[in-house]
Amino acid sequence: MSTDRRKFLKHLGTSVLLTSASLNSFAAKQENEVRILRDKKRVSPNDKVRIATIGMGIMGFNDTRAALAVPGVELVGVCDLYKGRLARSKEVYGKDLFTTMDHREILERKDIDAVIVATSDNWHSQIAIDAMRKGKAVYSEKPMVHKISQGLEEIRVQKETKAVFQVGSQRVSSIAYRKAKEMYEAGAIGKINSIEASFNRNSGLGAWQYTLPMDGNIQNVDWARFQATAPPNEKHDFDPLRFFRWRNYREYGTGVAGDLFVHLLSGIHFITGSKGPETIFSIGALDYWKDGRNVPDVMSAVIQYGETKEHPAFQVTLRVNFVSGEGDYGTTKIIGSEGVMDLGGEGESFSIRKNHITDAPGIGGWDSLETYPEAEQKKLLAAYNQRWTKAQQEAPKSEPIVYRAPEDYSANIDHMTNFFDAIRTGKPIVEDAVFGFRAAAPALACNDSYFQKKVIRWDAENMKLV
Ligand SMILES: NC(=O)c1ccc[n+]([C@@H]2O[C@H](COP(=O)([O-])OP(=O)(O)OC[C@H]3O[C@@H](n4cnc5c(N)ncnc54)[C@H](O)[C@@H]3O)[C@@H](O)[C@H]2O)c1
């Protein structure tokens, strides 16, 4: 099936701009065919991939479910630092599941081919490096690193070990983002100059105040290991809030920038083919969720991308607002000289609206024309109509395009499918370590800009702070 699927995806790559109606049915048809091909696939016992998940919290369960939806994938073990989540893993996946609180025990096992790293951000890089060195394929949740200083070493280890390595920003594999990229490259919105992207939320859960277990005490949590990667001055006494709501603390998480800007930048880099920006500036505030967190709940960034051989220069504004009366809503609007591409959610849909500048400059309406004497207006209008043809005076009309993936579409499963295809067939990974770091570093630089109150300069080609 991978050959069939490759052929099919190649076919998608050659399709041209479509009208609203045909694109809708085309999308559904494509997706159905991809599914049929996927479901038909027979996996030989030799093709089985045995996995373990390290970090079995919300996303660990979610990623595991997505991985097991790919034919021929089997869960062998789970690692977590809270006993309750190991117990829950056995409830869901059977009492024979291997469980441990030490990720090295997972990596020692010869019957595990691949690991999903879905821990808090502070552990991503270390565990990914340990796993690659032990010959495992790695699916690392985003952001790839907790600190910019970790990126090049992780890339080096990936190159040295040649491990299959993929970062977990699933929109990069989504059918809608792939189609959007194709249409962007076909010139659907002209020459881009700016992008506006955001996540808005307005709830306790949206602002990371997740439910705490009643037995979440020091006896049931390996607190020392949880903060083992922190320098001595960043170590704290056990606090269930810090453990179960780690995103709210810079010591373990990466704030809204590392958590959410990184999704936005991954999508933007995927569609534009960009390696990253030149300058990054951000502001932020802790406006509402004053629960002890040391990261902002409202943050905005202005990011400049210079002209490269991949794209013209463009500006990006990113925003996360956890106190947004707009509710749970996110978007990425890519704005070009001839239209705007609007991508919502996790890659289920997008729309394109066109808007052209006419050759003729325009006359009348909100203009100075009516402020002149009537005779002068007449002369000006006559001269204008003489100078510009009707066609030059009117912008070409086009219907908006809407592309929507089928209802139950999951970009997560497609992202996992790409990961397992790479393990089985050597197919290149789109969101590899270089891509992952090029999205993570500017996102993390937004935190540096906010905390250090300065503009950050980034060398995207060489992946270094300037
Ligand atoms: N791709 C996405 O859309 C998406 C969505 C949500 C979360 N995520 C990412 O997934 C990761 C996990 O987020 P979450 O919401 O599931 O958090 P969570 O708190 O629910 O789960 C994290 C788990 O990791 C465990 N852990 C921490 N350090 C560990 C270590 N050294 N060894 C083993 N286990 C360890 C903790 O015990 C905890 O159970 C984050 O990095 C987050 O950015 C990605």
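**Exercise 1. A glycine in a loop**

Leaving aside neighbours within four places in sequence, which residues is Gly-273 in contact with?

Solution. This is a predicted model: local features need pLDDT of at least 70, side-chain atom pairs count only at pLDDT 80 or more, and totals for chains, interfaces and linings use all residues. Residues are numbered from 1 along each chain as its sequence is written.

- Step 1. Apply the rule. With neighbours within four places set aside, Gly-273 is in contact with Glu-310 and His-311.
- Step 2. Gly-273 sits in the loop between helix H11 (255-272) and strand E8 (279-285). Helices (H or I, at least four residues) and strands (E, at least two) are DSSP runs, numbered from the N terminus.
- Step 3. Judge exposure. A residue is buried if 20 or more other C-beta atoms, placed from the backbone, lie within 10 Å of its own, exposed if 12 or fewer, and partly exposed in between. Gly-273 has 13 C-beta neighbours inside 10 Å, so it counts as partly exposed.
- Step 4. From C-alpha to C-alpha, Gly-273 and His-103 are 35 Å apart in space and 170 residues apart in sequence.

**Exercise 2. The whole chain**

Describe the chain by its elements, extent and burial.

Solution. 

- Step 1. Count the elements: the chain has 15 helices and 16 strands.
- Step 2. Box it. Along the principal axes, the C-alpha atoms fill roughly 90 × 50 × 40 Å.
- Step 3. For 466 residues a compact globule would have a value near 23 Å, and the chain's 25 Å agrees.
- Step 4. Check burial. Of the 466 residues, 43% are buried.
- Step 5. Check contact range. Take contacts between residues at least 6 apart in sequence: 74% of them join residues at least 24 apart.

**Exercise 3. Two annotated spans**

Solution. 

- Step 1. Read the record. An unreviewed UniProt entry annotates residues 49-168 as "domain: Gfo/Idh/MocA-like oxidoreductase N-terminal". UniProt positions follow the numbering used here, feature names are shortened, and annotations may be inferred rather than shown by experiment.
- Step 2. Describe residues 49-168: 41% helix and 22% strand, with end C-alpha atoms 18 Å apart.
- Step 3. Take the other span. The unreviewed entry gives residues 181-454 as "domain: Gfo/Idh/MocA-like oxidoreductase C-terminal".
- Step 4. Describe residues 181-454: 31% helix and 20% strand, with end C-alpha atoms 33 Å apart.

**Exercise 4. A helix pair**

How do H7 and H15 pack?

Solution. 

- Step 1. Two packed helices are described by the angle between their axes and the distance between the axes. Axes are lines fitted to C-alpha atoms, for helices over the stretch in contact, and angles run from 0 to 180 degrees between N-to-C directions.
- Step 2. Read the values. H7 (residues 151-161) and H15 (residues 433-452) pack at about 175°, their axes 10 Å apart.
- Step 3. Classify. Angles under 35 degrees count as roughly parallel, over 145 as roughly antiparallel, 65 to 115 as roughly perpendicular and the rest as oblique. H7 and H15 are therefore roughly antiparallel.
- Step 4. List the contact. From H7, Gly-151, Glu-154, Ile-155 and Gln-158 meet Ala-433, Val-434, Phe-437, Ala-440 and Ala-441 of H15.
- Step 5. Sort those residues: six nonpolar, two polar and one charged. Ala, Val, Leu, Ile, Met, Phe, Trp, Tyr, Cys and Pro count as nonpolar, Asp, Glu, Lys and Arg as charged, and the others, Gly among them, as polar.

**Exercise 5. Backbone and burial**

Which two residues does a cis peptide bond join? Is Gly-55 buried or exposed?

Solution. 

- Step 1. The cis bond joins Lys-142 and Pro-143, with omega about -15°. Pro-143 lies in the loop between strand E5 (137-140) and H7.
- Step 2. Gly-55 has 24 other C-beta atoms within 10 Å, so it is buried. Its loop runs between strand E1 (49-54) and helix H3 (58-68).
- Step 3. Beyond four places in sequence, Gly-55 touches Gly-60, Asp-80, Val-117, Ala-118 and Thr-119.

Note on methods: Contact = placed C-beta atoms within 7 Å. Rg over C-alpha atoms; globule rule 2.2 N^0.38 Å.
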